[in-house]
Every structure is written in structure tokens, then in C-alpha cells.
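Me: I have a model open and want to go through a few elements. Can you take my questions one at a time?
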Amino acid sequence: MRLSDYKVLTFDCYGTLIDWEGGMVAALQPLADRAGRGLTRDAILQAHARHESAQQAQTPTKPYRELLAIVYKRLAEEWGVAADWEECVRYGLSVRDWPAFPDSAEALAYLKRFYRLVILSNVDNETFTYSNRRLGVEFDAIITAEDAGSYKPSLRNFRYMLDRLGSMGLGAGEVLHTAESLFHDHKPANEVGLASCWIHRRHQQEGFGATMDPGERPRFDFRFESMAALARAHAAEQAG
């Protein structure tokens, strides 16, 4: 199996291309500090994962920026901190400021020369426009939770994407789903029969951070620790 066997790379965005954990912690740190509990980075991320996953299941059609406002409210309640609704809304809008990983734009620019590039993200369309500017590439399709009416790991998102790719003349066997989250992406990719590439951004950290524990580890076909490493591996195939 070679990277060049595929025609389209479908990407998770937040956690894979955009540093969502860094963005989350920066935006949540003032709230965590007010809690006075000495919350660690991973404690903040794990609490966020619990509330985000629960809220996505409860309100699957709510736009991500609005859903995050509710997550912030739940975190404030859990940590015993007063937070008005305006503060909650600001957190939902903070996604616009989350940075891209330093290697994302360059790797995407390289991969664009060889693949169709598609986004499959748990985000709303308006918010993604801000992240897209940081990634510096024109995607061939952008599929959001707002489009699908559900949040990953729902198989509905993946089936919606496959239908969209089918209308572009692309079959499931030509797709390599590329993502960090085992829970949101690799597990459902297994279930719909997609090959997948794990971008293991958290390789130097324990646990699952801002994603839920997937339980039994899903299968993946390739593993790299960064987007830059994926691009280098593809270049080596081309040179070989």
C-alpha cells in the first residue's frame, strides 16, 4: 500500500491542521484560573471533550460556534465559576483565532499538486472560513457538521461526504481519510470502509486530550507524527 494509490485526501481540520488544543487552552485558561483548582492542561482538555461530545449528541444541528458557547457554560458550572452569556459566546467565536499548526499550510500546498483535497470537519461554515485563511489552500470540497446535520463520529457525516465525492466521480477506494482523532475519525472511517492515515499530533503526550477515548483502537493504514512527515513520505515515494 502506497500513499500514491489514492486520488483524494479527506481531512479532519481541528486537531489535524488547526491546533485546536492550543486554541482551546488559550481561550479557557482565564476561566480555569478563576476556578482556583490548579487545573492542568490535560484536565481542561478532557473536561472540554466530555462536554463537547455530550452536547454534540444532544444538539447535532446546532452550529459549532453556538455549541461551544454551551460547552463553556457547562465548564463554568462544573468548575464553580460565574460566567455570563456574553463570555460564553466569545468562547464560541474564539475558534476564529485558533492557529494552524506550523507545517499545515506548506504540506497542504505540496499535496495539492497530487490530490484532490477535501475537508470533513465538526465545524460550521462561517467559522471554517477563518481557519481556511490560515491554511492557505483551495480545497476541492468543504463538508461541515452544519452541512451534514450531525457531528462526527456519526456515520452520517462520512456517508454525506462519500455521496458528495461520488458526484465528483470519486469512489471510496480512492479516498485516504487523514486525521488525528481516533474517536471522531478513524473509528467511523473503519466502519464505512475507508482507508485512513493517522496524523498523531499528540505522540509526545499521554491520553486523548480534547477527544474522547475511542475504546478499542481502530485500524489505520498509515501513521505520521505531523503533516510535514506525510508530505515527506509522499515525496520519497515519488522520488523512488
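Me: What covers the buried residues of α10?
Reply: The cover includes β1, α5 (104–111), β4, β5 and β6 (222–224), with contact taken as heavy atoms within 4.5 Å. This is a predicted model, where local features need pLDDT of at least 70, side-chain atom pairs count only at pLDDT 80 or more, and totals for chains, interfaces and linings use all residues. Residues are numbered from 1 along each chain as its sequence is written, and side-chain values use heavy atoms, with hydrogens and water left out.
Me: Which residues in α10 are buried?
Reply: M227, A229, L230, A231, H234 and E237. Buried means under 20% relative accessible area with a 1.4 Å probe, protein chains only. Helices (H or I, at least four residues) and strands (E, at least two) are DSSP runs, numbered from the N terminus.
Me: What does S226 do at the start of α10?
Reply: A side-chain oxygen of S226 comes to within 3.4 Å of the backbone nitrogen of A228.
Me: Switching to β4. Why is β4 largely enclosed?
Reply: Because five of the five residues of β4 (residues 175–179) are buried. V175, H177 and A179 point one way, L176 and T178 the other.
Me: Which strand does β4 pair with in the parallel sense over four bridges?
Reply: β5 (residues 195–199); pairing takes at least two DSSP bridges between the strands. A179 stands opposite W198 there. Four bridges also join β4 to β1 (residues 8–11), again running parallel, and F11 has T178 as its bridge partner.

Key:
Buried means under 20% relative accessible area, exposed over 50%, partly exposed in between (1.4 Å probe, protein chains only). A polar contact is a pair of N or O atoms within 3.5 Å; within protein, one must be able to donate a hydrogen and the other to accept it, and residues adjacent in sequence count only if both atoms are side-chain atoms.
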